[in-house]
Amino acid sequence: MNIFSINPEKKDIKIPNILPLLPIRDMIVFPSIVTPLAVGRDKSIKAVEAAMATNRLILVVTQKKARVEDPSSEDIFNMGTVCDILQMLKTTDGKVKILVEGVCRARWTDFKLSDKGYIEVGAAVINEKVERTPEVEAVVRNASALFDQYIKLNPRVPAEISMTGENTEDLTRFADTMASYVNLKQEDKQFILETVNPVERIERLITVLTSEIEILNIEKRIQSRIRNQIDKSQKEYYLNEQMKAIQKELKQKDDTQKDIDDLRAKLKSIPLPKEARESAEKELSRLERMMPMSPEASVIRTYLEWIIDLPWEKSTKDNLELIRAKEILDKDHYGLTKVKDRILEYLAVLSRVKKIKGPILCFIGPPGVGKTSIAKSIASSLGRNFVRISMGGLRDEAEIRGHRRTYIGSMPGKIIQSMKKAGSNNPVFILDEIDKIGADWRGDPASALLEVLDPEQNYAFGDHYLDVDFDLSKVMFITTANTLHNIPTTLLDRLELIRFSGYTDEEKQKIASIFIVPQQMKEHGLTDEDLTIEPNALRNVIKNYTHEAGVRNLTREIANLCRKSAKELGMNKDTNHVTITAQNLDKYLGIPYFEREKIAENGIGVVTGLAWTEVGGETLTIEINKMKGKGALLLTGKLGDVMKESAQAALTYVRSSAKTLGIDETLFKDTDFHVHVPEGAVPKDGPSAGTALATALASLCMDKPVKKGLAMTGEVTLRGRVLGIGGLKEKVLAAYREGINMILFPKSNEKDLADIPNNIQEKIKMIPVSHMDEIIEIAVDKNNAALKTNKSKKIRR
């Protein structure tokens, strides 16, 4: 809105009762202010012409909603300004431009359409007289000072509008003038227009002026700071240009130009894909045009260095000698036949076709069984470089795909960083602990891995930072995990699973004597002349000081023996050799760590079950007792939902088979059953204890004991069918450690017997079963009723 002038003296104009109405949009006209208006609607043009033909007076009122094209009485505010039309100009497009001067406030009444096609209303003029008291004078002076300050800070307000003492005599004109020039919202200006008392209007404007002055001061400081920065940048640019001109005359180059020339030379010297070369050259040309100290120049320079350092076409030559590879794998690791065979198969195919997509392997098994270490041996046997990323706790998708270069400090993802670290485009790349990946609001890293671990897609892996495709198809990816249930199905579908089972005690002893003891003695500066660890001592370390599927704790205990031996040799000069035997083992390692209760012997209502955990197999004692009651089933021992449901299914089976088993059916009405699984602080879950629960219930109700030295595993249905389970090898190893000599297992798991060592199968009788009737027939000693169970004894483990 352009305001041309302020009427110096209020005109003595007689206002008629009926006036033409001019609705306007998005602006307010105040009394005493001269304002230009553009009129385009037919009714409005006719209203202006009617006013010009009579007394040139018209009532200007603001619309409530600007988009209303034909406003009714409900679409305009009730108060407006009576204006004197000073000039009228018709334009070539049929519209009218007028210059109006506000005369006074007025409320409209009797909104109606006249015979000549325009809106006319009754006009009720507002009386704005107010007594000028000392308090009013103080308000006026305060407002005048603030408005003068506002004019000085705001360049959009002409300086001649300054409020002198003469301009403040008329309070109405004073308030309306300030309202016209202060930056106010439409609704705030209308509120001031409708405020009849001039003093109240001035007080409202004082609040607005105080806020506006504060904002203008902040803007002034910001502009001053920006101006100083611009002046500094212009000065640096001018000096840099002068420096370049001088160096050009002297045929010298500055450091920045030398860096750019070095980058260009490196780009020309390395083989790059077409897309990567075009992107690098584009960024290099941008860098040449930038000021050296610009933050963007630093970002581009870092990007070009990444492009140069990555092994786009650089590969290591594979060693395809199968016999040599087998020797390296056997030298570094004992057992693990499946893994070694898979690597030898890969080498055999590679030697024939020369080019093959890298396999995506997933090593699944408990901690400490050699998943990560064998990956290093695979790299050594292939003659490739080795890199590793720990995926545990990774929650940000950008850790895989990188950050876009729009962010300060952005970098490529861990995949590209590791490829740079490897120095070749065909390393052995291990993604460790892939089952420990998390997800949150920053994205799902597991989803980002779908492209990385898909041989059909990873030839064009897109990192957000590089913004060009990188070929990962030659990489041999190996992932490791302890369990499968935390890995998304879509990711698991891309992986070739190789399972690592726990070691038997015999295998651990061989690993310790062949690998761990020599390695730890070397690391501790000991030789065979200094230390001897007898086989019986090693066997006791395994049984009494470790309890694990792998050999990680065993390694720690052997390292402990080496340290203690080194200390003894150093402290006692008369001792030249230390021999560790089963008899003096506790002198070095202390009392056995695993002195615990032996599993309860089977008896009436007591059965040994088998369980699988992430660290190997475990035996599970299931105890059931009965007492007088109403047929309730009480479950304790921190059991999970699935195991609780297995107990319910077992009870249903026993009740439905009461006649067959020779059980009095009234027993279930008057008896409560309490199922307890010892070690109550340890969570337990899964369906594989179903057969043990059903056998214990049947034994209790039949009042006949379960045979000793027997364990079982399997899921049971309501009809008594025995379903397959997982982790049979780990469970059998746990039973072997506890001295079990017979195991009842699901018939559908017979195929898993191939994974169990022959020496263990010779010592444990493995009986496959398909129904609970078979288990009860084998397990329950029907010839020996009410057999007293022996008290459990403490043994050293």
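Where is the place of H333? H333 sits in the loop between α9 (322-332) and α10 (337-353). Helices (H or I, at least four residues) and strands (E, at least two) are DSSP runs, numbered from the N terminus. The model is a predicted one, in which local features need pLDDT of at least 70 and side-chain atom pairs count only at pLDDT 80 or more, while totals for chains, interfaces and linings use all residues. Residues are numbered from 1 along each chain as its sequence is written, and side-chain values use heavy atoms, with hydrogens and water left out.

H333 counts as buried, at 10% relative accessibility. Buried means under 20% relative accessible area, exposed over 50%, and partly exposed in between (1.4 Å probe, protein chains only). Leaving aside residues up to four places away in sequence, H333 touches K340, G370, S373, I374, S377 and F515. A contact is defined by heavy atoms within 4.5 Å. A297 lies 36 residues from H333 along the chain, and the C-alpha atoms of the two are separated by 51 Å.

The secondary structure of the protein comprises 25 helices and 26 strands. The radius of gyration is 46 Å, well over the 28 Å that the globule rule gives for 797 residues, so the protein is more spread out than a compact globule. This radius is taken over C-alpha atoms, and the globule rule is 2.2 Å times the number of residues to the power 0.38. Along the principal axes, the C-alpha atoms fill a box of roughly 125 × 95 × 60 Å. Of the 797 residues, 47% are buried. Among contacts with a separation of 6 or more, 74% are between residues 24 or more positions apart. The accessible surface comes to about 41,200 Å², and carbon and sulfur atoms account for 50% of that surface. Accessible areas come from the Shrake-Rupley method with a 1.4 Å probe; for residues, only the protein chains shown count as cover.

The average pLDDT of the protein is 84, and 92% of the residues score at least 70. pLDDT is the predictor's confidence in each residue, from 0 to 100. Over residues 1-11 the pLDDT is below 50, and this stretch has 33 contacts in the model beyond near neighbours in sequence. The pLDDT also stays under 50 over residues 786-797, for which the model has 34 contacts beyond four places in sequence. Where pLDDT is low, the predicted coordinates should not be read in detail.

Salt bridges were searched for across the whole structure, and 28 were found. A salt bridge is a side-chain nitrogen of Lys or Arg within 4 Å of a carboxyl oxygen of Asp or Glu. One of them joins K326 to D330, with the closest N and O atoms 2.9 Å apart. K326 and D330 are separated by about one helical turn, because they are four residues apart in helix α9. K326 is partly exposed, with a relative accessible area of 43%. D330 is also partly exposed, at 34%.

R401 forms a salt bridge with E451, and here the closest N and O atoms are 2.8 Å apart. This pair links distant parts of the chain: R401 is in helix α12 (residues 398-401), E451 is in helix α14 (residues 445-452), and the two are 50 residues apart. R401 counts as buried at 16% relative accessibility, and E451 counts as buried at 13%. Elsewhere, salt bridges that share partners join E283, R286, E296 and R405 into one network.

E120 pairs with K112 in a further salt bridge, the closest N and O atoms being 3.9 Å apart. E120 is buried, at 17% relative accessibility, whereas K112 is partly exposed, at 45%.

Two further helices were examined. T172 lies in helix α3 (residues 171-181). T172 is buried, with a relative accessible area of 9%. Beyond residues up to four places away in sequence, T172 touches R105, E128, P198 and R201.

I222 belongs to helix α5 (residues 198-249). I222 is partly exposed, with a relative accessible area of 36%. Together with I218 and I226, I222 forms a nonpolar patch on the surface, with about 230 Å² of accessible area in total. Patches are made of residues with over 30% relative accessible area and no salt bridge, where like charges are joined within 9 Å and nonpolar side chains (Val, Leu, Ile, Met, Phe, Trp, Tyr) within 5 Å.
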